[in-house]
Amino acid sequence: MRNLLSAIVTVLLGVTHVQAFAQTHQVAFSSEILPIIQEKFAPLLARETGLSLDSWDGLMSGSDYGEVVIPYDPKGSLLIRLATELSDADSLTSVTSDISDTDLMTVQSWIEHGAPNDDGHIAFAEAEHLLYVCIQGEAKVAVIDMDTNVVIRTIDLQALGFTADARPHHVAVEPDGSAFYVSLIGDDRVLKFDDNLELIGQMPFERPGMLVVSPTDSLLFVGRSMKAVNPPQRIGVVDRTMMSSDELDVFFPRPHALAIDPSGSYVYVGSLAENRIAIVDHEAGVPELQSIEGNTHTLVQFAVSPDGQTMVVGGQLTGQFFFFDISNPATPTLDETIQVGMAPWHPVFSPDGEFAWFGNKMGNRATVVDVSDRRIVGTVEGLSEPHGAAISPDGKTVYISNNNLNGAYSGQYQWRDNTPVGAIAVIDSETREITKMLEVGHNPTGLGTR
């Protein structure tokens with residue numbers, strides 16, 4: 001008993017020492033953190049090919065598989081997860097015993113304070129090209145730097161007072177990147193964050209789904225979630241400066257797909273339940289309805305080409321992909337339909353408008369369509385329930401989120417909770433090959449960029 005009490009006291013003193021150390025001392029990475037990582041954590045990182053442990057820059061750049069440390073997020077950082085959350089079935093657990101509680105707490109505290117270098121610099125503080133990822137199964141939003149393709153920050157919604165079932169679903173970003181908006185299906189909220197990832201506004205909204213920012217005024221439009229059984233037949237019209245909203249009738253059930261023309265005059269809304277589209281002049285407040293022939297398609301999401309001439313949308317149930325001529329935005333004209341396979345989900349255009357990319361949700365692949373020729377020109381295999389899609393500003397990299405709820409993607413490690421890990425597929429748009437699978441957490445869904 002005396003030995004047990006002694007051990008408890010030793011651990012408590014160690015924790016107290018580390019906490020006091022973090023509060024009163026600027027940690028010198030090269031002399032106080034790096035030796036611990038090189039001596040104690042290195043064996044855990046054996047599978048992370050391409051990772052350099054010679055310097056702060058090498059560590060923060062990550063490996064061929066992605067980041068190892070996420071500033072301010074010790075719990076989400078692979079370095080700490082490997083030391084604390086590995087399943088006993090993973091062979092790497094044999095080396096975790098070499099890491100003392102004091103060493104673990106020291107490294108955790110360093111990450112919690114931003115994982116700075118010797119000069120106090122925080123990695124990726126100047127990152128410009130950001131991708132926001134909704135992690136629906138963990139009530140988090142991950143931020144990816146599209147120049148380095150690593151996760152650089154995490155927003156924990158529970159730490160901000162939202163529930164574990166908040167279910168962040170989609171993201172829309174201000175054109176200048178100064179703020180972004182997140183829909184929460186579970187908490188019936190739309191949130192506004194600034195570019196420092198600070199929550200600066202929120203508003204109630206029943207089962208929010210897709211979001212779109214007007215390019216010409218201060219409005220944000222909000223659709224309804226696919227998870228909503230019988231939501232109002234209305235979309236939200238939000239003053240995004242004040243975060244106050246009105247609702248506008250579209251007169252059909254389950255309004256989900258959402259887009260806006262480049263002039264900001266017309267909002268397009270698609271129904272999950274009926275083959276109908278609403279063309280909404282939001283200033284007049286009266287939608288025009290347009291029907292599409294055939295069996296129920298279940299229109300998931302729109303995308304508008306960079307030149308504003310073409311709009312596309314996929315039908316989940318029929319596997320059809322629709323091309324609309326919106327050169328006259330008030331009267332979209334369906335001018336072609338092609339078959340693209342199972343459940344075409346969220347499309348995204350390349351910056352030059354030449355290609356449209358999307359995941360085939362039930363086909364576990366991504367598809368590339370030539371917009372001019374109206375034909376499939378490529379596919380990317382190896383995905384697992386692909387959901388959202390985004391593309392880098394230079395068009396060189398395509399990102400597709402993988403829900404992976406069925407566990408088809410096994411991941412790098414076996415974790416104690418045995419929950420299937422979701423991932424962001426990083427795809428070279430020229431070779432159409434997956435270059436990385438960024439494992440971001442359980443059930444990543446919507447993606448958003450500027």
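Reader: Is the crossing of α2 and α5 left-handed or right-handed?

Author: The model is predicted: local features need pLDDT of at least 70 and side-chain atom pairs pLDDT 80 or more, while totals for chains, interfaces and linings use all residues. Residues are numbered from 1 along each chain as its sequence is written, and side-chain values use heavy atoms, without hydrogens and water. With the near helix turned anticlockwise from the far one by less than a right angle, the crossing of α2 and α5 is left-handed.

Reader: How are α2 and α5 oriented to each other?

Author: The axes (lines fitted to C-alpha atoms over the stretch in contact, with angles from 0 to 180 degrees between N-to-C directions) of α2 (residues 29-41) and α5 (residues 101-112) come within 10 Å and cross at roughly 125°. Angles under 35 degrees count as roughly parallel, over 145 as roughly antiparallel and 65 to 115 as roughly perpendicular. The two helices are therefore oblique.

Reader: How many nonpolar residues has the contact of α2 with α5?

Author: Phe29, Ile33, Ile36, Ile37, Lys40 and Phe41 in α2 meet Asp103, Leu104, Thr106, Val107 and Trp110 in α5, with heavy atoms within 4.5 Å. By class, this contact has 1 polar and 2 charged residues, and the nonpolar ones number 8.

Reader: Which strands stand at the edges of the open sheet?

Author: The sheet has 4 strands in the order β3-β2-β1-β28, with antiparallel pairing (at least two DSSP bridges). Each edge strand has a single partner, so one side is left without a neighbour in the sheet: these are β3 (150-156) and β28 (444-448).

Reader: Which residue in β2 is the bridge partner of Leu130?

Author: Strands β1 (residues 130-135) and β2 (residues 140-145) run antiparallel and are joined by 6 bridges. The partner of Leu130 in β2 is Asp145.

Technical notes:
Nonpolar A, V, L, I, M, F, W, Y, C, P; charged D, E, K, R; others polar.
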